[in-house]
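Here is a short note to read with the structure open beside you.

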Amino acid sequence: MITLHHVPGSRSMRVLWLLEELGLEYRLRNWSLTDGGLRSPEFRSLSPAGRVPALEIDNRAIFESGAIVEYLCETHPEAGLAPAVGAPERSEFLEWVHFAETQANIVQNLNIQHIFLRPESARSLPLIKLDTKRLAVTMQALEAQLDGREWLIGHFSAADCMLGFNIDAMFRFVRAEGFPNIAAYRERIRSRTAYKAALEQGGGDSIYAQDFYELPDA
């Protein structure tokens, strides 16, 4: 049995969604961000940095969501969720798989500053402004990529599972106005049966208590 180590609203949602798209049987083991379990020797034997996701599969454990996504696609080529090695669109697929993590790291910084860093006086307004601008730049690139396309490489692929996880978060910090292609992409993602099943199985996709987080006053 495949086991996905998961925290609701985290990067493990990418892998959970892909498992549903692939129609694979799996079990979830849920962890908390606050009880110290991710720092335990047990979990760090699966993921050395103490971060989800970790996937137990084929008698081994794999960590890092991008690596897991590529592994699942390569071991299930019949699903057609990644171009084959050597195919003309393979490089574009890989670009967007890894661009998703570039963008997610910016989102993570904003999550820390807006939500998790306590007390509020410890937050850095210059860093919040900088990362908000950096996030907007990545969104401009994504908006251009989606122009005239339903999915990142023209057809649905695992790159959409990687990057689609970011969509809910990015609109918490950057207004949707000016990004119509991304807004439409978000609705296509939400309509996918496998995405809805992943949300139901995984306890939701959002850690946010607010619809939008304004820049703090100077």
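1. Let's start at the second largest pocket, which has 14 lining residues, with His114, Glu120, Arg123, Glu214 and Pro216 nearest its centre. A pocket here is an open set of points on a 1 Å grid over the protein atoms alone, where a 1.4 Å probe fits and protein lies on both sides within 12 Å along at least five of seven lines; lining residues have an atom within 4 Å of a point. Its volume is about 260 Å³, meaning the space filled by probe spheres set on the points, which are joined across faces, edges and corners.

2. Before going further, please note that this is a predicted model, in which local features need pLDDT of at least 70 and side-chain atom pairs pLDDT 80 or more, while totals for chains, interfaces and linings use all residues. Residues are numbered from 1 along each chain as its sequence is written, and side-chain values use heavy atoms, with hydrogens and water left out.

3. Back to that second pocket: α4 and α5 (125-145) each give at least two residues to its lining. Helices are DSSP runs of H or I with at least four residues, strands are runs of E with at least two, and both are numbered from the N terminus. By type, the lining holds six nonpolar, three polar and five charged residues. Ala, Val, Leu, Ile, Met, Phe, Trp, Tyr, Cys and Pro count as nonpolar, Asp, Glu, Lys and Arg as charged, and the others, Gly among them, as polar.

4. Now for the largest pocket, with a volume of about 670 Å³.

5. Thr138 counts as buried because its relative accessibility is 8%, where buried means under 20% relative accessible area with a 1.4 Å probe, protein chains only. Beyond its neighbours within four places in sequence, Thr138 touches Phe99, Gln103 and Ile106, a contact being heavy atoms within 4.5 Å.

6. Finally, the overall picture: the protein has eight helices and four strands, in the order β-α-β-α-β-β-α-α-α-α-α-α from the N terminus. Along its principal axes, the C-alpha trace spans about 55 × 45 × 30 Å. Of the 218 residues, 50% count as buried.
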